[in-house]
Structure formats: structure tokens, C-alpha cells
Amino acid sequence: CENFDFSLRSFIEAFRLCAHPTIMYAAITSIGYFLIPGDIVGVQIINLILSIVAIHFVYQILKVIAAGIHERVIAFATLVFSLAPMFLGTFSTYTPDFGVAVFFIFVLYFHLTKKYVLMFFYSVCLILTKEIGIILLAGYYSAYCILILFFTSGSCKDKFRKVVTDKTFLYGLCSGLFGVIYYIYSMFFSDFSNWKFSFGTEEAGVVQDTTQMVSNFIYNFSYIITKLKTLVILNFSWILFILLLISCSVIIKRKLLKRILIYKEMISICGSMIFFCVFTFLYITYNNSRYHLVYELCLFLLSLSVIIKLFGKRKEILFLLIGLCFIFGLEAYTTVDPLTKIFFDRIETGSRLAMVTTNWEGHSGVKADVTVYNHQFTYLDKAYDAILEKEYSSDKDIIVWGPYSETKAVAIEGIEGKFVWNFKDNKRECVANENTEEFNI
């Protein structure tokens, strides 16, 4: 924000964070920083507002999808969505993955309510928040066009005309072209691009030369398996898949497929999820579970939509939703999922609280990233401050050794580089002031 001078170039350059096109998310959240300079509280307030708006939109979406269902059921279904462990557990942090998730909900809502200009605007916001945004939109609009072709009767010419004259297609195409132009500018006229477009294969197992794998499109079986575990199992996600399978069997048995397919916007979510999965399986990077936040929210929204649509008038549905609220609410603050504990490596915390890591051995990440899957990562953060408060003073040095000294990963772990020590409040901060000092490394 200090480098922003209200020029177009400053807007493009100043709000790009961590080698991602975070322009729109950073610009929107910067409002909080301008209101409360030098403190993350203002940014967190904006995140909170975005979260509340997204939850309200989900409530409205479910009201449309499950028309005729009692509002109490829809309210509890919305509560289940808001208790998604990764959503509830990480909304107070600052990450573009959160921006991707809420902007995708915004796109879906404005599409469902046929407010195409706002749909276009938030599509652009999605694209200019992180690269995965354009992948999600490609899947969403592609699935939508396929559904139009499926429901349009007549010749191929009539079907094609129906697609190219559809407002959703036109606005979606414009947002996609906008994104392509920006990425071309970034790759050829700026130092932005973080993607490396090389393709290949690697044998399953530990890869010794990880520099050739990170940020590349490579087929690696062990990486795909790790991603599958993260997408299907982590944070009780397997429960949602079981409920979806039960719902699909009911749809097939009762021959309700056409009744479900009329909600093109919801079915289009499947297109986004498929495109997301293909991309995330083949594009090698750290297996940080926060990258999958938008997928988790799509899974919650899709599952809840189908469940209350099919079973919303049954008395048992409220007991199911209340049970899901309890399970996911608990998982948001402590790891209780038995399958998560079985399929992921445990981290020694020195307490009875279980904590796991989604780390992939082929390209390991630091604990401060691969442990962010619910609110528990904040416990680690507080532990760093507690250790420093007890052991550190300005006349002492912090010695860094091993892989941390070579990769500077300790900066992410919470000590060196981006952080300063607030000797008044005994905590690490990102912004220096009269009460802070640099660490002696």
C-alpha cells in the first residue's frame, strides 16, 4: 500500500503479491489497510465482510435451488457451509486462496440471479486474484455451454446459435479474454509470471531434483495420490462424498436427472471442480491444503444443494444437518477426523491435540504452510511467540542451521525475513514501528 500512487501501473504492480496476480483481491482488502494503517486488523475486517457476504449469497443460492423447502432447513444447510473447516479456520488469514473462494461464490450467485455485469466483474476479480481462477471459470463456462447444447432442441446450427447468443457465454468469454490479455502482458512485458510451461513425466516416489518439478506440468503418480487424499479425505470431506453418492443413487433410481440438470449454474460447478482437479493433479507445487479451499467450498455447496433438494422435506434432514454442524465445527478447531489421522502424517505437538501435515515428500513444504488446513495453525503461531517471549532478547542471536539456512524457509516458519519482534506486546509482527526491532539472525 505504501507504494501505491493511484496510477494504473502502480495498481498493476503494487498489488501483485507472492508472484500471483492478486490485483483485485489485494486492492479490495487494501481498503482495510488504508483505514487502519500499519495493522492487519483492517484487512481482517474486510475479509470478515467478504466472508459474511459469501455466506449470505450461499443462503440465497440454496433458497433458489431448494424452492419450497422450509427456510429453517436452508438456514442450517448454510450454517454447515459456513463451518467448513478450511473456510472457518482460515478466513482470518491473508491468502489469495481465500479471495478465489469468495469471488467464485460471488460469480455463482450473480449468475444465478442473472446480474451479468456483476457476474463479469467478479469473474475478472477471480482471474486477477490467482492463476487458478481462469481454470475454474474455464470449467464453469464450458460445462454451462455443454448443458445449453444438451437442452436445446433442433439442428447443430440452432444449438450453436443458442450458445453464442447466450449472455452467460458472452460475458464469460469477455472475462476470459480479459484474463488472457493480462497474462500475456504479465509474461512478456513484466516480471510477473510464476508459471513454467514445460511438460514431462517423473517416476513415482521421491524426486531428488525438485527444482525441475516445482511450478511445472508433470505427471507424477505419487503426487496425484497425495492430492487425491487431500481432496477426498481431509477434514471429513469423505462424508460429503458419501452423501453425494447416496444422493446420486437416489437420483438415478427415481429418474430425477433432468430435474436436477435444469439448475445449470449448480451443475456447472462440477465443470469447475473437474478442471480444478485435472490442473492440480498435473501442475506440481507444494501440497498446501489451502490451495484447495475453493474446491472444498464447491464440494460443500454442491453436496448441500443436492441433499436438501432431495430430502429437504423429511424430518430427519434437520438431525443430519445439526450433526454435520457439530462435526465440521469441531474439525475447524481441532483434528478429530479418524481418516485424516490415518492417511496423513502426524505432527508432534507436545500435547494431546492431534495435528497432521499434507506434505508431499517429492517437494516438501515448511510446516507453517502444510499444516494450514483448519484453525490449528494459529496454535503453532502462538507457540512461536511464546518461545521467543521466554528465550529471546535483543542481546541474543538466533542461529539457523540445516536446510533452513540454505532455503531461508525459516522466514515462512515465523522468525526471519518478513517478521520483526514487538518487544512491548511480545509477539512477531510484519510491520515495523516504534515498539519493534529486527531479529538477530
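Trainee: Is N235 buried or exposed?

Mentor: N235 is buried, with a relative accessible area of 0%. Keep in mind that this is a predicted model.

Trainee: Where is N235 found?

Mentor: N235 is in the loop between α11 (221-232) and α12 (237-253).

Trainee: And what about phi of N235?

Mentor: Phi of N235 is positive, near 60°, and the residue is not a glycine.

Trainee: Switching to K114. What is its phi?

Mentor: K114 has a positive phi of about 60°, and K114 is not a glycine either.

Trainee: Which helices does the loop with K114 lie between?

Mentor: The K114 loop runs between α6 (96-112) and α7 (116-127).

Trainee: Is K114 buried or exposed?

Mentor: Exposed. Its relative accessibility is 54%, and the cut-off for exposed is over 50%.

Trainee: New topic, T335. Where is that one?

Mentor: T335 is found in the loop between α16 (316-331) and α17 (338-343).

Trainee: Buried or exposed, for T335?

Mentor: T335 counts as buried because its relative accessible area is 2%, and buried means under 20%.

Trainee: Which side chain makes a polar contact with the side chain of T335?

Mentor: The side chain of Y373 does, at 2.5 Å. The side chain of Q376 also makes a polar contact with that of T335, again listed at 2.5 Å.

Trainee: What else does T335 touch?

Mentor: Leaving out residues up to four places away in sequence, T335 touches T340, K341, A354, M355, Y373, N374 and Q376. So the two polar partners, Y373 and Q376, sit in that list, and the buried T335 has a relative accessible area of 2%.

Conventions. Residues numbered from 1 in each chain as written. Predicted model: local features only at pLDDT ≥ 70, side-chain atom pairs only at ≥ 80, totals over all residues. Heavy atoms only, no water. Helix = DSSP H or I, 4+ residues; strand = E, 2+ residues; numbered from the N terminus. Buried < 20%, exposed > 50% of the residue type's maximum accessible area, 1.4 Å probe, protein only. Polar contact = N/O pair within 3.5 Å; in protein donor to acceptor, adjacent residues only side chain to side chain. Contact = heavy atoms within 4.5 Å.
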